[in-house]
Amino acid sequence: MSLFRCPVCEAPLARGARAYVCPSGHSYDLAREGYAYLLPPNQKHSAAPGDDRRMAQARRDFLSKGYYELLLNTLCCQILSLCGESPVILDAGCGEGYYTAGIFQALEAAGKSPRMAGTDISKFILRSAAKRERGVEFAVASSYRLPLADGAADLLLDCFSPLALEEFRRVLRPGGAFLYVVPGANHLWELKQVLYDHPYPNEERETPYEGFAYERIVPVDGTVTLPNQTDIQNIFRMTPYYWKTPKSGGERLAALETLEVTVSFRVHVFRKL
């Protein structure tokens, strides 16, 4: 049986060779890459929500080169310490699956038997995710209407994705872990210095959320050197700055041959009460 449930009637889905099907007969075809489309039309705010093809390719190419491996390794260590032998894990807003696949593979390498699902609202980005790791179920879905049953997950990961707290509380079992990854104060500081005349650091704060208890905040800090314009432009397209950078900043960035940049993340670890 699949971890997913029917977005129409909320019944469990069974995965076949070509489609997911629920007992009521609702059917959802599997794309060639292996993901399903579980986003009903009334939950879409545009014809193709989420990252477009160009942004999806930028994320795939950049992350595949290991620039954020420090964060992946930290997440694997944290999740290994939080999980039992057969954990059920959801990566909400999983993007192109870099962290999803890495965590799944680390759990299997440690001798565990994970069941894992990843959701994202962009069909373009899920094409990469589904091809990256066949052992994980992937579906196009909104984080605000997750296609999982109440209390289905032992652990939920949200890495730079919308904070859908009501849904996260619903799908996590009591005592389940919630990892929320946000940028540190100086994340991509050197990039911001190129783009803007007066950059400012990201705000860092410890925010309590109803229904969750804080366990810890894990800092992840380092630097990476981007050796060419391709990688510089890829990281730019992965950020919100891509949409709100003045023309002069984009021109300064395009003139660079290399860029050494700070990477800084904070992993907020919670338990569901």
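Predicted model: local features only at pLDDT ≥ 70, side-chain atom pairs only at ≥ 80, totals over all residues.
**Stop 1**

Two packed helices are described by the angle between their axes and the distance between the axes.

Now show the side chains where they touch. On the helix 1 side, pick Arg-54, Met-55, Ala-58, Asp-61 and Phe-62; on the helix 7 side, pick Asp-231, Asn-234, Ile-235 and Arg-237. Colour this contact by class and you will find four nonpolar residues, one polar and four charged.

**Stop 2: helix 1 and helix 4**

Keep helix 1 on screen and select helix 4, residues 123-132. Which angle do helix 1 and helix 4 make as they pack? The angle is about 35°, and the axes lie 7 Å apart.

From helix 1, show Arg-53, Ala-56, Arg-59, Arg-60 and Ser-64; they meet Phe-124, Ile-125, Arg-127, Ser-128 and Arg-132 of helix 4. This contact of helix 1 with helix 4 has five charged residues, along with three nonpolar and two polar.

**Stop 3: the largest pocket**

Rolling a probe the size of a water molecule over the atoms shows where empty space is left. To find the largest pocket, select Phe-160, Ser-161, Val-181, Pro-183 and Pro-240, the residues of its lining that lie nearest its centre. The pocket holds about 1,400 Å³ of space, and 49 residues line it.

Helix 1 turns up again here: it gives two or more residues to the lining, as do strand 9 (172-183), strand 10 (212-226) and strand 11 (259-272). Which element gives the largest share of the lining? Strand 9 does, with four residues. Finally, colour the lining by class to see 27 nonpolar, 12 polar and 10 charged residues.

Note on methods:
Residues numbered from 1 in each chain as written. Heavy atoms only, no water. Contact = heavy atoms within 4.5 Å. Nonpolar A, V, L, I, M, F, W, Y, C, P; charged D, E, K, R; others polar. 1 Å grid on protein atoms, 1.4 Å probe; cavity = no way out; pocket = protein on both sides within 12 Å on 5 of 7 lines; lining within 4 Å. Points joined across faces, edges and corners; volume = space filled by probe spheres on them. Axes fitted to C-alpha atoms, helices over the stretch in contact; angles between N-to-C directions.
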